[in-house]
Amino acid sequence: MQSCGLAFLGIELVLGTKVKSADVTRKTLLTATGETISYKILIIATGARAIKLEEFEVRGSDAENVCYLRNLADASRLVDVMRSCTGGNAVVVGGGYIGMECTAALVKNQIKVTWVFPGKHCMGRLFTPKIALFYEDYYKSMGVNFIKGTVLTSFENDSGRKVTAVVLKDGRRLPADMVVVGIGIRANTGLFEGQLNMDKGGIKVNGRMQTSNSSVYAVGDVAAFPIKLFGNDVRRLEHVDSARKTARHAVAAIMAPRKTGDLDYLPFFYSRVFTLSWQFYGDNVGEVVHFGDLSSGRFGAYWVDQGRIMGAFLESGSRKEYEAIAKAVKLKATVEDMAKLEREGLEFAFQVSQRAMQESGLVLERLTPCAWHASAAAAAALSIAAFAYWYDWWRPIW
Ligand code: NAD
């Protein structure tokens, strides 16, 4: 067992060690080298693994130029393969987060992309058709070719370990110098199946991140936890923000049990692609009201269920605007008139925030038209700076 001292923090970090089995009754872990680790409290943070194409009867995704993206080694390999393909063709498989973010990165590195996914539009788990259309049009303007409503069925290979083309279910054949696959993840629950209660493909925990065994906690992608805001509906959220906050909450519940209640988490997702950037809060359930101007890229949407705001999405928002939509969701603001909500757009969220601040004795600085322009200019400057940083980061150095 390779041990690394963080003793000054009271932590012993054990690297290069795989846990082969767990016994939550005996409170022990057995490592692959046969050592037994005993614990008083266990926190499971085993995360998730990328779903492989082999699950769909497609063989050969272990080829040299086929990339998944889940860990640091995957990311380094993706960069290496990308560097060897400048000016070439990539096929991106899967219309979710990995597909969307990797397509943008490939284009920025002078690789032509054909983006293939089975759905009618990208980001089907979150985007409405209208929101997806905005991003798809943007991607098309950057030269991305879309093939929707079909899946990959096989690879063609050279005499070595490289893929040269992908074949789709609809019979099309796409020459490829590299392939990126992002078709979802599965939580790593294997060590605990049959020992802990499971839900939503993960390990079920209570609001204190405690599993069905009171000495065992679970956090991050692997944990299915009750969301207070959704009437304690249990969700397994696949996002870094929930990983950070569930981890922090588990530690608080362990270290200060009397002071720590149930986690009150507001689901939050975000992404940055090209010079675009969006945030989403809450749940995408109910009727959707789009607002703003999609053609200018200043737009958003609310999801309204039983007269209450359940979710909110915003592209290119400022910090204050994102805070305002988050507040409207957190408070499940009441909507009396959907047409008015559409007309008011962001103003609705500002009003809700302002009322909440006034009720709590604070005053929120409202965005006047002048401040709006100033904030738009600041956002533009920020986008340019972010673009410069992004480009510098991804700039080919070979
Ligand atoms: P995803 O769940 O976001 O998207 C999966 C996509 O694959 C969907 O479009 C689905 O229709 C498609 N798909 C499913 N089976 C397929 C098949 N056989 N052939 C082709 N397409 C198929 O998953 P992902 O994009 O792989 O991302 C993996 C994880 O990483 C997710 O948990 C995601 O939330 C996370 N992630 C998040 C961010 C972010 O928050 N900004 C960025 C990157 C990754």
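Where does phenylalanine 274 lie? Phenylalanine 274 sits in the loop between β22 and β23 (276-282); helices (H or I, at least four residues) and strands (E, at least two) are DSSP runs, numbered from the N terminus. Its phi is near 50°, a positive value in a residue other than glycine.

Before we go on, a word on the model. This is a predicted model, in which local features need pLDDT of at least 70 and side-chain atom pairs count only at pLDDT 80 or more, while totals for chains, interfaces and linings use all residues. Residues are numbered from 1 along each chain as its sequence is written, and side-chain values use heavy atoms, with hydrogens and water left out.

**Around the ligand**

Let us turn to the ligand.

Glutamate 101 places a polar side-chain atom 2.8 Å from a nitrogen atom of the ligand. The backbone takes part as well: an N or O atom of glycine 95 lies 3.0 Å from a ligand oxygen atom, and a polar backbone atom of glycine 96 is 3.3 Å from an oxygen atom of the ligand. Taken alone, the ligand exposes 850 Å², and the protein buries 80% of that. These areas come from the Shrake-Rupley method with a 1.4 Å probe; for residues, only the protein chains shown count as cover.

**Buried or exposed?**

The table gathers some single residues. Buried means under 20% relative accessible area, exposed over 50%, and partly exposed in between (1.4 Å probe, protein chains only).

| Residue | Relative accessible area | Class |
|---|---|---|
| Leucine 9 | 54% | exposed |
| Threonine 114 | 15% | buried |
| Aspartate 241 | 9% | buried |
| Phenylalanine 274 | 7% | buried |
| Alanine 328 | 0% | buried |
| Lysine 332 | 24% | partly exposed |

**Two side-chain pairs**

Threonine 114 lies in strand β10 (residues 112-117), and its side chain is joined to that of asparagine 145 by a polar contact of 3.4 Å. A polar contact is a pair of N or O atoms within 3.5 Å; within protein, one must be able to donate a hydrogen and the other to accept it, and residues adjacent in sequence count only if both atoms are side-chain atoms. Aspartate 241, in helix α4 (residues 240-255), has a side-chain polar contact of 2.5 Å with tyrosine 265.

**Around helix α5**

Alanine 328 belongs to helix α5 (residues 319-330). Alanine 328 and glycine 311 are 17 residues apart in sequence and 8.6 Å apart in space, C-alpha to C-alpha. Lysine 332 is found in the loop between α5 and α6 (338-344). The phi of lysine 332 is near 45°, a positive value in a residue other than glycine.
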